[in-house]
Amino acid sequence: MTDDPILIFESVVKRYGDLTALDGVSLTLRRGEVVCLIGPSGSGKSTLLRCANALDPVDEGRIRFDGHEVKSTESSVRLVRQRMGMVFQNFELFPHLTVLRNITIGPTTVLKLGHAAADERAKKLLAKVGLSDKALSYPSALSGGQQQRVAIARALAMEPALMLFDEPTSALDPETIGEVLSVMKTLADEGMTMLVVTHEMDFARRVADRVAVFDKGRVIEEGAPQEIFTNARVARTRDFLSHLGWHGEGAASVSKREEA
Ligand SMILES: Nc1ncnc2c1ncn2[C@@H]1O[C@H](COP(=O)(O)OP(=O)(O)OP(=O)(O)O)[C@@H](O)[C@H]1O
Ligand SMILES: [Mg+2]
């Protein structure tokens, strides 16, 4: 990790009609840092990622990515989409394309990479996520965990400076969650900068450099995982964690999935 900030949210406010989804969020990610966002449903975590990715314009404040302000202008949107990879809960692969083509389509169309080079890149990434044998399969023939690993490979094929993950394992069968988290852990170990919304508290505790706790559109607390998980200062954080069945380091951790 470096001290060099790559993504900066400055007093970001986002409203949907009367509802304030983000109520003055300030948060900085440094290059190489892994930040996990945790917090109750409806607290604004996905909204923050959508604003970062220029899917939604902010109403107040600003977001800076890699030295540029994120705006809804065409050039800003293009830059952000190229340099920020996004992985969603529901994979969002192209159903009519093979796994290989799902991964090469961005590099060939957006980055103008030649087909041979794009294929080579895709195959390396498939090996990385453990799916070399699925290159010619269609997404519908894959398990959820496999589809999500393809989605990660697809995002990586653009050689992003930053990866955003929005609950990448919450739509998965329990037995395939581990394989996706393990790919994410490898990425983190390799130095990828990652902003991860997750309910997997064990993952946040083991992999995050920093955890930011959301509530009602605000970051109510942020710190190293050991501080947040063993010594949260804010009562609302402790309530949230104990609601998930988390009672501090060493206690059995019960994620949302196991609770369900
Ligand atoms: N497109 C939209 N139009 C109107 N309201 C929205 C829209 N998107 C989000 N909201 C509202 O903004 C608030 C924050 O939603 P958001 O999806 O960011 O929460 P979240 O923390 O990601 O929740 P979850 O853990 O359930 O995914 C919620 O009250 C939600 O209903
Ligand atoms: Mg969400």
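Visitor: How many residues does helix α5 have, and what span does it reach?
Guide: Helix α5 covers residues 144-156, which is 13 residues, and reaches 18 Å from its first C-alpha to its last. That is close to the 18 Å expected at 1.5 Å a residue, where the expected span is 1.5 Å times one less than the number of residues. Helices (H or I, at least four residues) and strands (E, at least two) are DSSP runs, numbered from the N terminus.

Visitor: Before we go on, what sort of model is this, and how are things numbered?
Guide: This is a predicted model, in which local features need pLDDT of at least 70 and side-chain atom pairs count only at pLDDT 80 or more, whereas totals for chains, interfaces and linings use all residues. Residues are numbered from 1 along each chain as its sequence is written, chains are lettered from A and ligands numbered from 1 in the order in which they are written, and side-chain values use heavy atoms, with hydrogens and water left out.

Visitor: Back to α5: how many of its residues are buried?
Guide: 12 of the 13 residues of α5 are buried, so the helix is largely enclosed by the rest of the structure. Buried means under 20% relative accessible area, exposed over 50%, and partly exposed in between (1.4 Å probe, protein chains only). Among the buried residues of α5 are G145, R149, V150, I152 and L156.

Visitor: What covers them?
Guide: The cover includes the strands β6 (84-87) and β7 (162-166), together with the helices α3 (99-109), α4 (115-128) and α6 (174-189).

Visitor: Let us change topic. How many salt bridges are found in the whole structure?
Guide: The search finds 22, a salt bridge being a side-chain nitrogen of Lys or Arg within 4 Å of a carboxyl oxygen of Asp or Glu. One of them joins K14 and D56, at 3.9 Å from N to O. K14 is in strand β1 (residues 5-16), while D56 is in the loop between α1 (45-52) and β4 (60-65), 42 residues apart.

Visitor: Are K14 and D56 buried or exposed?
Guide: Both K14 and D56 are buried, D56 with a relative accessible area of 17%. D56 also forms a salt bridge with R50, the closest N and O atoms being 3.4 Å apart. R50 counts as partly exposed, at 28% relative accessibility.

Visitor: Which parts does the R218 and D23 pair tie together?
Guide: R218 lies in strand β10 (residues 218-223) and D23 in strand β2 (residues 19-30), so the pair ties together parts that are 195 residues apart in sequence. Their side chains meet at 3.2 Å, N to O. R218 is partly exposed at 43% relative accessible area, and D23 is partly exposed at 29%.

Visitor: Which residues are linked in a network of salt bridges?
Guide: D4, R31, D66 and R83 are linked in such a network.

Visitor: Now the ligand. Which residues come nearest to ligand 1?
Guide: Of the 14 residues around ligand 1, S41, G42, K45, S46 and T47 come nearest; a residue counts as near if one of its heavy atoms lies within 4 Å. The largest share of this shell, 4 residues, comes from α1, and β2 and α1 each supply at least two residues.

Visitor: Which contacts do oxygen atoms of ligand 1 make with T47 and G42?
Guide: An N or O atom in the side chain of T47 is 2.5 Å from an oxygen atom of ligand 1. For G42, a backbone N or O atom lies 2.7 Å from a ligand oxygen. A polar side-chain atom of E167 lies 3.3 Å from an oxygen atom of ligand 1. The protein covers 62% of the 640 Å² of accessible area that ligand 1 has on its own, the areas coming from the Shrake-Rupley method with a 1.4 Å probe.

Visitor: And T169, where does that lie?
Guide: T169 lies in the loop between β7 and α6 and is buried, with a relative accessible area of 5%. T169 touches I177, V180, L181 and E200 (heavy atoms within 4.5 Å), not counting residues up to four places away in sequence.

Visitor: Last topic: what is phi of S11 and of K112?
Guide: Phi of S11 is near 45°, and phi of K112 is near 60°; each is a positive value in a residue other than glycine. Most residues other than glycine have a negative phi. S11 lies in strand β1 and is partly exposed, at 44%. K112 is in the loop between α3 and α4 and counts as exposed, at 66% relative accessibility.

Conventions. A polar contact is a pair of N or O atoms within 3.5 Å; within protein, one must be able to donate a hydrogen and the other to accept it, and residues adjacent in sequence count only if both atoms are side-chain atoms.
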